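Good morning, and thank you for coming. Please look at the sequence and the structure as they are shown, and keep them in view while I speak.

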Amino acid sequence: MKAKIKYNVVPNLPSQLEILRKLAYNLCFSWKDEIWDMFQRLDPGLWVECGHDPVLMLGLISQDRLDELSRDQGFVAQLERLGQDFDRYLSQPRIQAEEYCAEVPFQVAYFSAEFGLAECLPIYSGGLGVLSGDHLKSASDLNVPLVGVGLLYQEGYFKQYLTSDGWQMETYPVNDFDNMPVQLVRDNEGRPLSVSVDFKDQPVKVLIWRINVGRVPLYMLDTNVPDNPPEFRATTGQLYGGDREMRLRQEIVLGIGGVRALKALGIEPTVIHMNEGHSAFSALERINILRKERGLSFDEAREVVLASTAFTTHTPVPAGNDVFDPMLIRDYLEQYTKELGINFKVLLGYGRLDPRNEDEPFGMTTLALRLSAHTNGVSRLHGRVSRGMWQKVWSHHPVEDIPIDYITNGIHVPTWISEDMARLLDRYLGPKWPEDPDSERLWEQVEKIPDTELWRTHERCRERLVGFTRRRLAEQLKNRGASTAEIQAAREVLTPEALTIGFARRFATYKRATLIFRDTDRLDRIINNPEFPVQIIIAGKAHPQDKEGKEFIKAIIHLAREERFRRRIVFLEGYNLYVARYMVSGTDIWLNTPRRPLEACGTSGMKALANGSLNLSTLDGWWDEGYHRDFGWALGHGEVYKDHGAQDDIESRDLYNILEKEAVPLFYQRGSDGIPRGWVEKMRDGLKHLVPIFNSHRMVQDYVTRYYLPCSRRFNSLCNGDFAGSKQLAAWRQKLMTAWHEVSIEEVVSGNGLERRVGQELEVIAKVRLGSLLPEDVIVEAYYGRIDQKGEFADRETAALDVEDSDGGFYTYRGQIPSVKTGRFGYTVRVMPSHKRLENRFAMGLVTWA
């Protein structure tokens with residue numbers, strides 16, 4: 001029996017406590033400890049029971065308790081101060097950037113398929129979502145004019161539990177949005193605001209919800225509407241659930257529906273940032289709107305969209321990028337392609353590495369690459385890997401020139417730092433340190449913290465982690481129907497004083513969660529040393545379809561049950577943001593063992609770092625650029641192996657050697673006061689040198705200065721004067737595409753010999769035929785550098801050549817190559833489209849080599 005009419009009952013807050021409602025509907029509580037503590041103070045037990053969901057808590061707390069608190073003058077006074085601080089935070093001025101002008105339109109829209117913001121919003125699966133959440137939080141702190149766009153999943157990602165045999169099982173609790181910090185967006189007449197997308201020519205209604213992330217609004221799309229057909233209604237049911245068709249529908253909602261939602265909200269972004277390829281259809285919809293509303297051609301609209309789009313790729317393996325069968329794309333997008341004013345085959349070409357290969361599937365990453373002015377990987381190494389992966393998109397360019405840069409990920413330090421560590425930093429860095437966590441000068445103040453205070457603070461966090469682990473393990477065993485003796489034994493695992501190793505992440509097989517268990521006898525000798533004990537806490541989920549990842553978990557569970565390991569190895573099920581915070585704050589060593597170069601970045605080690613933990617990791621992702629022996633340890637020297645079995649043997653032995661000979665002795669090398677000063681020095685060096693770099697404030701500021709502001713300027717420029725700039729650019733692009741076959745380099749000579757001394761210059765002269773093109777259409781460059789024994793460039797530089805004279809379509813270009821170092825060098829000459837006209841001169845794919 002279903003209800004005829006639905007209605008909501010909301011908390012009846014006394015007027016003195018009304019500020020709690022505003023605080024509950026803003027996720028500031030997830031990174032501002034004073035707000036978190038205020039909700040916890042209402043009812044500590046209920047706060048835990050509600051999963052730290054302040055909206056649900058206000059709905060469940062007794063009216064008697066609310067009335068009691070309203071009469072507590074101390075509580076009310078503290079709440080008023082908190083409300084004033086919160087209002088002050090929301091009203092602070094916009095970003096201060098050298099090139100930012102408040103009078104010029106500047107609005108970023110950040111698209112992502114998942115956002116990891118708070119435990120009470122389980123709409124994320126792992127690192128991509130947590131990174132997206134940290135991006136929004138730093139954008140809020142920096143007051144960047146940014147909005148987020150995502151999908152509001154009815155069931156989100158799965159909740160993990162283990163059978164008595166250690167096999168991972170999944171449940172999908174239904175999210176009750178009425179009791180979460182999300183609010184349905186309504187129009188001026190109070191009706192739910194919605195947009196529509198088409199699935200196989202059938203309209204599907206999409207509701208818009210809002211989540212307040214500090215100053216940043218996050219708009220979430222929802223197809224769970226009674227008016228929609230059942231199979232389409234479930235589109236936003238599960239994160240990464242269903243088959244390929246379901247994934248395609250989700251990406252249509254995110255990309256096309258997301259742009260339409262922004263339009264319905266009256267938000268006109270000057271920059272779109274696509275976080276992964278899931279939202280690549282957003283570029284097509286922006287073109288569609290410009291065609292319909294501004295009367296532009298597809299090519300003219302594409303110039304505006306391409307110039308104002310940034311794309312971040314997170315996946316270092318081809319299999320991790322979404323591709324779809326062309327027939328499935330036809331079913332869903334053939335009619336939409338007609339609206340775009342292009343042939344369906346042209347659309348498919350945008351999503352293919354080789355547009356002429358009709359057997360190739362349609363790739364979302366390829367589509368995003370072709371329609372973005374800026375593309376980046378998420379670490380230095382990942383940028384290099386991505387250039388190799390996607391070279392076929394720019395097949396005429398060497399891999400070094402592929403236009404994929406990198407901006408290394410970071411973490412939102414106030415979210416991930418423990419309350420104990422935050423209070424310590426308040427004392428020595430000043431209470432405003434969270435406002436400037438990327439300041440190197442600020443973190444130099446860590447030198448002022450006495451060894452004793454830094455160590456005792458970390459010891460308290462480890463003690464809390466051990467206590468949390470015992471409680472959670474006992475609860476897990478109780479839920480599995482374990483005996484009273486087993487539950488009691490769980491309350492005695494681990495030792496608060498022992499060196500504690502943490503490993504927590506997705507159980508993808510390339511992350512090698514079982515590497516440390518490869519030689520169990522040697523591990524036994526390490527962790528059960530009576531003088532220098534070591535313990536390991538592990539958490540993480542395997543994808544529901546990843547049987548090998550589930551086998552890893554099962555193997556660890558069985559190993560942890562052996563009597564020799566029972567008190568030293570613990571696996572915590574139900575990994576989420578709350579578990580992660582305990583683990584990164586209380587471990588002494590953060591272990592990360594991905595198979596290089598498959599870790600795009602990996603931010604869990606940054607979170608541990610900010611809490612004073614030391615990293616022990618393979619040189620992959622962020623650790624490849626962050627590692628120094630003063631901050632932690634590296635497994636190997638950056639080798640890449642073809643034989644994975646041999647690699648695991650070598651690197652597991654390396655891991656045991658580091659523990660036995662370096663890490664464990666250093667941890668237990670104590671002074672007369674019990675302080676391991678050598679260890680504390682490593683903690684301090686990590687905090688001082690790495691935290692100001694590997695944080696999301698620095699990351700967001702990089703995006704602002706390198707991508708957002710240039711894209712926004714370009715957008716405004718192309719839109720001015722009834723889009724005159726975009727029309728001219730489209731015509732110029734067409735001119736080059738048509739005439740480029742006429743371009744050739746007829747002759748290249750050196751004007752002053754082929755042997756130069758250091759400090760001298762080598763003159764380069766090139767005779768170039770441009771045909772119907774003009775010198776202002778192109779740039780002619782000397783491409784030079786050191787060469788290896790095969791004559792290949794080992795490194796390269798470029799130097800622009802100047803045009804000197806012309807003769808019937810032939811032009812002479814001349815320039816100088818500096819001689820800075822000794823050795824064997826070489827050069828060639830290339831012609832490319834003029835960089836003065838294009839945000840990304842590689843996007844056209846045009847180049848002529850000598």
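Let me begin with a definition: a residue is called buried under 20% relative accessible area, exposed over 50%, and partly exposed in between, using a 1.4 Å probe and protein chains only. By that scale, Glu 245 is partly exposed, with a relative accessible area of 22%. What we have here is a predicted model, in which local features need pLDDT of at least 70 and side-chain atom pairs count only at pLDDT 80 or more, while totals for chains, interfaces and linings use all residues. Residues are numbered from 1 along each chain as its sequence is written, and side-chain values use heavy atoms, with hydrogens and water left out.

I turn to salt bridges. The term denotes a side-chain nitrogen of Lys or Arg within 4 Å of a carboxyl oxygen of Asp or Glu. The structure holds 57 of these salt bridges. One of them joins Glu 245 to Lys 200, at 3.1 Å from N to O. Glu 245 belongs to helix α9 (residues 244-264) and Lys 200 to the loop between β6 (194-199) and β7 (202-213), so this pair ties together parts that are 45 residues apart in sequence. Helices here are DSSP runs of H or I with at least four residues, strands are runs of E with at least two, and both are numbered from the N terminus. Lys 200 is also partly exposed, at 37% relative accessibility.

A second salt bridge links Lys 554 and Asp 165, whose closest N and O atoms are 3.1 Å apart. Because Lys 554 lies in helix α22 and Asp 165 in the loop between β3 and β4, the pair ties together parts that are 389 residues apart in sequence. Lys 554 is partly exposed at 23% relative accessible area, and Asp 165 is partly exposed at 33%.

In general, an α-helix has 3.6 residues a turn, so residues three or four places apart point the same way.

Let us return to helix α22. This helix covers residues 547-561, has 15 residues, and reaches 21 Å from its first C-alpha to its last, close to the 21 Å expected at 1.5 Å a residue. That expected span is 1.5 Å times one less than the number of residues. Which residues of α22 are buried? They are Gly 549, Lys 550, Phe 552, Ile 553, Ile 556, Ile 557, Leu 559 and Ala 560. These buried residues pack against several elements, among them β3 (159-162), β4 (168-171) and α21 (520-527). At the N-terminal end, Asp 546 caps α22, with a side-chain oxygen 3.3 Å from the backbone nitrogen of Glu 548.

Next, a sheet. In an open sheet, 4 strands follow the order β24-β23-β27-β28, and the pairing is antiparallel. The edges are β24 (797-800) and β28 (848-849), each with a single partner strand, so one side of each is left without a neighbour in the sheet. Two strands count as paired if DSSP finds at least two bridges between them. Strand β23 (residues 778-786) is joined to β24 by 4 bridges, and Glu 781 stands opposite Ala 800 in β24.

I now consider Glu 599, in the loop between β18 (589-592) and α24 (604-610). Is Glu 599 buried or exposed? Glu 599 is buried, with a relative accessible area of 6%. The side chain of Glu 599 makes a polar contact of 2.7 Å with that of Lys 511. A polar contact is a pair of N or O atoms within 3.5 Å; within protein, one must be able to donate a hydrogen and the other to accept it, and residues adjacent in sequence count only if both atoms are side-chain atoms.

Pro 597 is found in the loop between β18 and α24 as well. The peptide bond from Arg 596 to Pro 597 is cis, with omega near 5°. For context, most residues other than glycine have a negative phi, and most peptide bonds are trans.

Finally, two residues have a positive phi without being glycine: Leu 494, near 65°, and Arg 512, about 55°. Leu 494 is buried at 3% relative accessible area, and Arg 512 is buried at 3% relative accessibility.

Terms used: Contact means heavy atoms within 4.5 Å.
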